[in-house]
Amino acid sequence: MERLLVLVRHGQSEWNLKNLFTGWRDPDLTERGVAEARAAGTALRRDGYGFDAAFTSELVRAQRTCSLILEEMGLQGIPVARDRALNERDYGDLVGLNKDDARARWGEAQVHAWRRSYDVRPPGGESLKDTAARVLPCYITAILPRVMAGERVLVAAHGNSLRALVMVLDRLGEDSVPDLQIKTGVPLVYRLNADTTVASKTVLARDGDGA
């Protein structure tokens, strides 16, 4: 029984490129983002992985990343579930603002707290703690049972929804959160034990990554 769980943050989006707070806004992938997603699929196929099911958010950048990965793997026919619980965190009043402009207005320390801390909410938005409160029930009720039944599961989502999940899988404390970053288009490959704990974790190198 494989109990395989692979997490992938979407490829670079148009608003990532423009350095804007994105949240629940719905920009598409850039050309680089498409290439990152395809490279993730190629790397997964190269290393012999396969999937029985996939989960993604209700936002197009994650959905397209999921689709491109599965296309590269020849797995377009597997079931893909979309769930709002896997959406990026809501950045509230910061959405659409340039991150450098926000730093100039509110200061580096305040913007860093909004972006990287565990329980500090941006104005009108969600903290990572709030995001975890919707991501984890989705994981426990929808994703984990399929993994524990021996299915191979792909989750294509977002930086913060995946940070919330990685915190639990890697058993990280709140003090580790500011340093926890999820790179675009880089698969995180987990194999779980029978008690749902992590047996192994691999950060999968894509061709051209130099590792």
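Guide: Happy to, and please keep in mind that this is a predicted model. Let us begin with a pair of side chains: those of His10 and Arg61 make a polar contact at 3.3 Å.

Visitor: What makes that a polar contact?

Guide: The cut-off is a pair of N or O atoms within 3.5 Å, one able to donate a hydrogen and the other to accept it. The side chains of His10 and Arg61 come to 3.3 Å, so the pair qualifies.

Visitor: Where does His10 sit in the fold?

Guide: In the loop that runs between strand E1 (4-9) and helix H1 (14-17). Arg61 is one of the residues that His10 touches beyond four places in sequence, and the others include Asn16, Leu29, His158 and Thr184.

Visitor: Is His10 buried or exposed, and how do you know?

Guide: Its relative accessible area is 2%. Buried means under 20%, so His10 is buried.

Visitor: Which residues does UniProt list for "active site"?

Guide: The unreviewed entry lists His10 and Glu88. They are spread over 79 residues of sequence, yet they cluster in space, with a largest C-alpha distance of 10.5 Å. Both His10 and Glu88 are included in the lining of the largest pocket.

Visitor: And what about Glu88: buried or exposed?

Guide: Glu88 has a relative accessible area of 8%, which is under 20%, so Glu88 is buried as well. You will find Glu88 in the loop between strand E3 (80-82) and helix H4 (99-106).

Visitor: Which residues does Thr22 touch?

Guide: Not counting residues up to four places away in sequence, Thr22 touches Trp15, Pro27, Arg61 and Val95. The side chain of Thr22 also reaches the backbone oxygen of Leu20 at 3.3 Å. Thr22 lies in the loop between H1 and helix H2 (31-46).

Visitor: Let us turn to aromatic rings. Why is the pair of Phe21 and Tyr91 called tilted?

Guide: The structure holds 2 aromatic pairs. In the pair of Phe21 and Tyr91 the ring centres are 5.1 Å apart and the planes stand at 55 degrees. Stacked needs under 30 degrees and edge-to-face over 60, so this angle leaves the pair tilted. Phe21 is in the loop between H1 and H2 and Tyr91 in the loop between E3 and H4, so the pair ties together parts 70 residues apart in sequence. Both Phe21 and Tyr91 are buried.

Visitor: What makes the pair of Trp106 and Trp114 edge-to-face?

Guide: Their planes are at 75 degrees, which is over 60, so the pair is edge-to-face. The ring centres lie 5.2 Å apart, which is within the 6.5 Å needed for a pair.

Conventions
Residues numbered from 1 in each chain as written. Predicted model: local features only at pLDDT ≥ 70, side-chain atom pairs only at ≥ 80, totals over all residues. Heavy atoms only, no water. UniProt positions renumbered as here; feature names shortened; annotations may be inferred. 1 Å grid on protein atoms, 1.4 Å probe; cavity = no way out; pocket = protein on both sides within 12 Å on 5 of 7 lines; lining within 4 Å. Helix = DSSP H or I, 4+ residues; strand = E, 2+ residues; numbered from the N terminus. Buried < 20%, exposed > 50% of the residue type's maximum accessible area, 1.4 Å probe, protein only. Contact = heavy atoms within 4.5 Å. Phe/Tyr/Trp six-rings, centres within 6.5 Å; stacked < 30°, edge-to-face > 60°.
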